[in-house]
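Subject: Structure for you to look at

Hello,

Here is the structure I promised to pass on. Please open it next to this email and follow along.

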Amino acid sequence: MTNSTLAVRAVSKNFSSHKAVDQVSFNLEPGERVALLGHNGAGKTTLFKMILGFLKRDDGDISVLSAAPGSNNARKATAYLPESVAFPAALTGEEILKFYARLKGQKPKEALPLLEKVGLTDAARRRVGTYSKGMRQRLGLAQALIGQPRLVLLDEPTTGLDPISRQNVYELIGELAQKGATVLLSSHALTELEARTDRILIMSRGKLVADDALSELRAQAGLPIRLKVWTKPDAVQEVADQLGGGRMNGRSVEFDCDFEEKVKALSAISALGNLVEDVDVHAPSLDDVYRHFSNAAQKEA
Amino acid sequence: MLSRVLTVAAQEIRIGIRNRWILLATVILAVFSLALALLGSAPAGTLGVDRLTITVASLASLSVYLVPLIALLLAFDAVCGEVERGTLLMTFSCPISRSEFLIGKALGHTLVLTFALVIGYGLTAGLLVVTGGGSMTGLIDFSRLIATSILLGICFLAIGYVLSSLTRQSGTAAAAAIAAWLLLVVLYDLALLGALVANPSGVFASDVFPYAVLLNPADAFRLFNLAALGASDLVGGMAGVSETLPFSPALALVSLLAFAAGLLSLSALLIRRMTP
């Protein structure tokens, strides 16, 4: 069909009570890091399960490296980390990694260095039952790195991880992408995705409502930049008048401006001289962008 | 294909060892069979029958209860437990077919069961041989008992897999497994007995009852073992079974084999259709 690692075309899935996935289409290319966002029940996991061939789609077409989802060729090239995994508590991390290496047709010994990559070297010979949630998640991630997967699907890989482990996860994802793998991950932790993904897909109620790079999505959303100006005592009213309004709270004035007027507004503030003590500039975060697209979709519905 | 089957089987055996499952099953079988052999062998002197053979007759009845129970406990969690824990999603996203997965599980569980039976019952046989109570025919009877117990175990492992693939929660599967055990091992026999007592000389007793026994793997197992014992009329609860049967006792063995194959195929079919 194409050179895309993953091609999803007008895919729909109905459950008895609702449309879980509704006419979703996108293509993922080699080396892309893509985040799939959506509220709980937006259809992310259902989409993952269709891509893996666990669920049959009602409509549309999916191809994984030009193979049918769930076919042997597709599975050989795909790695998957489910949302929550509880490995057999009686086995050690090393045993579990070797088990999955064998299932994937890899040499078990060659998979062991992956434990070092995810920071589990010291715990490798301990029972998984003694692992913390973060350690289990990292073991799951090590499993997804076995072999040379061309498509890596990660369902909320950073849930329950501390900030350093999260960073570690994104570093691993970056490495995978550099080797040409396509990484599709779903996440709730939006702010940490900034600068760590090349592209963002947003799902809402089964529909794909946004598909672009973050900067493009920002521009499309047209969300204002919020400026917060801290003033000298008693100068709040004066500053607010000079800047043409805004909300006053105690010693600060807040107002919104469009992206194009940002520099103009900042120079107006600096013209106020020593009436101003400090300025905070809040660019819309991924949270804001996400909320914008998600709300827009819900209003339409 | 073979390496993936063996990988799954090895994992099951490893879990069995770590969970002390193998140990527990072995100890249970050893304790019960030793108790039966030592306490129940008193009449052997007067009957002039090999003590091993007598023990085999009692152990056949013990196996009917214990082996299905152990097999169901090993198997009920095999599919739905992995669904609950999320590991099945992970395993099935690897290039392993569903049948390979199931065969691997069955192989692993069968080996666990085999180990427990050979060691547990073997201890008893060994003790009897050492104390001079066993002969060559007794040992053959004993081997037949262990081999058919394994076959019976496979039947109930497969019943466990079927129940496990049909339910989404391991709690439900556990309840269903207990119900299956009660139904097939206890209530089925009681119902047959009741019908026999109600009308001992009717059509049921002569034409239906023998075949009804074939339709339950637990009963087929008991029938085959007792009929195969040369001294069954002396030691068996079902005295002189083989002469009164309208068919050869080997048919009971065929029934066991058919149940094992049929139930395993059914569970393979179910697991292929399920969504993890």
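**The sheet in chain A**

Strand S6 (residues 151-155) of chain A runs parallel to S7(A), and 5 bridges join the two. Find A:Leu151: opposite it, in S7(A), stands A:Thr182. Please keep in mind that this is a predicted model.

Now step back to the whole sheet. It is open and has 6 strands, in the order S5-S6-S7-S3-S8-S9 (chain A), with mixed pairing. Strand S5 (78-81) and strand S9 (207-212) of chain A are the edge strands, as each pairs on one side only. On average, neighbouring strands are turned by 15° against each other, direction ignored.

Helix H7 (residues 163-178) of chain A lies across S3, S6 and S7 of chain A. It runs at about 150° to S7(A).

**Strand S3 of chain A**

Look at strand S3 (residues 33-38) of chain A next. With S7 (residues 182-187) of chain A, S3(A) pairs in the parallel sense over 5 bridges. There, A:Val34 has A:Leu184 as its bridge partner. S3(A) also pairs with strand S8 (residues 199-204) of chain A, again parallel and over 5 bridges. In that pair, A:Leu37 stands opposite A:Ile202.

Is S3(A) buried or exposed? Of its 6 residues, 6 are buried, so the strand is largely enclosed by the rest of the structure. A:Arg33, A:Ala35 and A:Leu37 point one way, while A:Val34, A:Leu36 and A:Gly38 point the other way; all are buried.

**Chain A as a whole**

Chain A has 11 helices and 13 strands. Its C-alpha atoms fill a box of roughly 70 × 45 × 35 Å, taken along the principal axes. Of its 301 residues, 41% are buried. Take the contacts in chain A between residues at least 6 apart in sequence: 69% of them join residues at least 24 apart.

**Helix H14 of chain B**

Now move to chain B. Helix H14 (residues 250-273) of chain B has 24 residues. At 1.5 Å a residue it should span 34 Å, and its end C-alpha atoms are 35 Å apart, which agrees.

**The cores**

The largest nonpolar core has 156 residues. B:Cys155, B:Ala158 and B:Leu256 have the most contacts inside it. Helix H4 (residues 51-75) of chain B gives the largest share of this core, 14 residues. Apart from it lies another core, of 6 residues, among them A:Val236 and A:Ala265.

B:Leu256 deserves a click. Leaving out residues up to four places away in sequence, it touches several others, including B:Leu151, B:Cys155, B:Pro217 and B:Phe224.

**Where the chains meet**

Finally, the two chains. In all, 21 residues of chain B are in contact with 24 residues of chain A. Helix H1 (2-18) and helix H6 (87-92) of chain B each supply at least two residues of the side that touches chain A. H1(B) gives the most, with 7 residues. By class, this side of chain B has 8 nonpolar, 9 polar and 4 charged residues.

Best wishes

Terms used: Residues are numbered from 1 along each chain as its sequence is written. Chains are lettered from A and ligands numbered from 1 in the order in which they are written. This is a predicted model: local features need pLDDT of at least 70, side-chain atom pairs count only at pLDDT 80 or more; totals for chains, interfaces and linings use all residues. Two residues are in contact if their C-beta atoms, placed from the backbone, lie within 7 Å. Helices (H or I, at least four residues) and strands (E, at least two) are DSSP runs, numbered from the N terminus. Ala, Val, Leu, Ile, Met, Phe, Trp, Tyr, Cys and Pro count as nonpolar, Asp, Glu, Lys and Arg as charged, and the others, Gly among them, as polar. The expected span of a helix is 1.5 Å times one less than its number of residues. A residue is buried if 20 or more other C-beta atoms lie within 10 Å of its own, exposed if 12 or fewer, and partly exposed in between; C-beta atoms are placed from the backbone. Two strands pair if DSSP finds at least two bridges between them. A nonpolar core is a set of buried Ala, Val, Leu, Ile, Met, Phe, Trp, Tyr and Cys residues joined through C-beta atoms within 7 Å. Axes are lines fitted to C-alpha atoms, for helices over the stretch in contact, and angles run from 0 to 180 degrees between N-to-C directions.
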